[in-house]
Amino acid sequence: MQSVDRAITVLEILAQHGEAGVTEIAAELGVHKSTAFRLVGALERRGLVEQPGLRGKYQLGFGIIRLAGTMAAGLDLTQQSRQVCEDLAADLGETVNIAIPSGDMVVNIDQVRGSSAVVSQNWIGRQNPLHSTSSGKVLLAFMTRPEQRRIMRGHLEELTPRTITDPDALREEFDKILRHGYATAVEELEVGLNAVAAPIRGLTGEVIAAVSASGPSYRMEECRLDVIGETVLKAAEEISARMGHMASA
């Protein structure tokens, strides 16, 4: 924890001064110069700090902009999608989530509970494997083939008896998702939980997130998921339009 705290302090020093050398950083941290050098080196490898010249001075790197940009995009997405999610949750009576990719996982960043949601489960911040959720399968389906292959070469954990762990079966799912525009998950993450998700596109048309509706299998019956999918797809298209995406005629 001490190293993490010191690394954050280094970033704060550079943000305050614009640039600083290892000697200055060590003095402000109250540590030996070699310790400061190791901290700066670790941050530099991550692109969070950089040394633009030969003067031995460091400044914040473009990695900071990347992280800040991701945060800003996430905030913008939740703002633009909130009303649509509230309307969708009211229409279906089920819980609606917005999810984005996070490495080889999918993470929920916003949630609206429907009127039928009797269990107040908070999914915000929860990470799940991409292959086991409707949102994750949507994001996977629209990834590049090399990225799909990389993820499916990894360990595809069987979370329930219905989790799809066979790469060929997943590819068939992707083809179906691309045809229909939405994904379904039937008790693949948790027994008794079904879900439907559709892709949210950004300004240039890339899939940046997914919107999903989930609920108990006795209400969101498997035979109704395609009908629900069309409703979720319309909501996803509306959110995409709010994010600047113009659908082709």
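**Close-up views of a predicted model**

View 1. His 131 is found in the loop that lies between strand S6 and helix H5. A polar atom of the His 131 side chain lies 2.8 Å from the backbone oxygen of Glu 157. When residues up to four places away in sequence are not counted, His 131 touches Lys 137, Leu 140, Leu 156, Glu 157, Thr 163, Ile 164, Leu 170 and Glu 188.

**View 2. The buried residues of helix H6.** In helix H6, which runs over residues 145–152, the residues Gln 148, Ile 151 and Met 152 are buried. These residues are on the same side of H6, because they cover an arc of only 95° around the axis. As a general rule, an α-helix has 3.6 residues a turn, so residues three or four places apart point the same way.

View 3. Six strands form an open sheet with antiparallel pairing, and their order is S6-S5-S4-S9-S8-S7. Strand S6 (127–129) and strand S7 (183–186) stand at the edges, where each has a single partner strand, so one side of each is left without a neighbour in the sheet. On average, and with direction ignored, neighbouring strands of this sheet are turned by 30° against each other. Helix H8 (residues 225–242) packs on the sheet and touches S4, S7, S8 (193–201) and S9, while the direction of H8 makes about 30° with that of S8.

**View 4. The pairing of strands S4 and S9.** Strand S4 (residues 95–102) pairs with strand S9 (residues 207–216) in the antiparallel sense, over 5 bridges. Ala 99 stands opposite Ala 210 in S9.

**View 5. The largest nonpolar core.** The largest nonpolar core holds 27 residues, of which Leu 77, Ile 200, Val 211, Val 232 and Ile 239 touch the most other members. Two or more residues of this core come from each of helix H4 (62–92), S4, strand S5 (105–112), S8, S9 and H8, and the largest share, 7 residues, comes from H8. Leaving aside neighbours within four places in sequence, Leu 77 is in contact with Ile 98, Ile 100, Ile 109, Ile 200, Ala 209, Ile 239 and Met 243.

Notes: Residues numbered from 1 in each chain as written. Predicted model: local features only at pLDDT ≥ 70, side-chain atom pairs only at ≥ 80, totals over all residues. Heavy atoms only, no water. Buried < 20%, exposed > 50% of the residue type's maximum accessible area, 1.4 Å probe, protein only. Helix = DSSP H or I, 4+ residues; strand = E, 2+ residues; numbered from the N terminus. Arc of directions from axis to C-beta. Pairing = 2+ DSSP bridges. Axes fitted to C-alpha atoms, helices over the stretch in contact; angles between N-to-C directions. Contact = heavy atoms within 4.5 Å. Polar contact = N/O pair within 3.5 Å; in protein donor to acceptor, adjacent residues only side chain to side chain. Core = buried A, V, L, I, M, F, W, Y, C linked by side-chain atoms within 4.5 Å.
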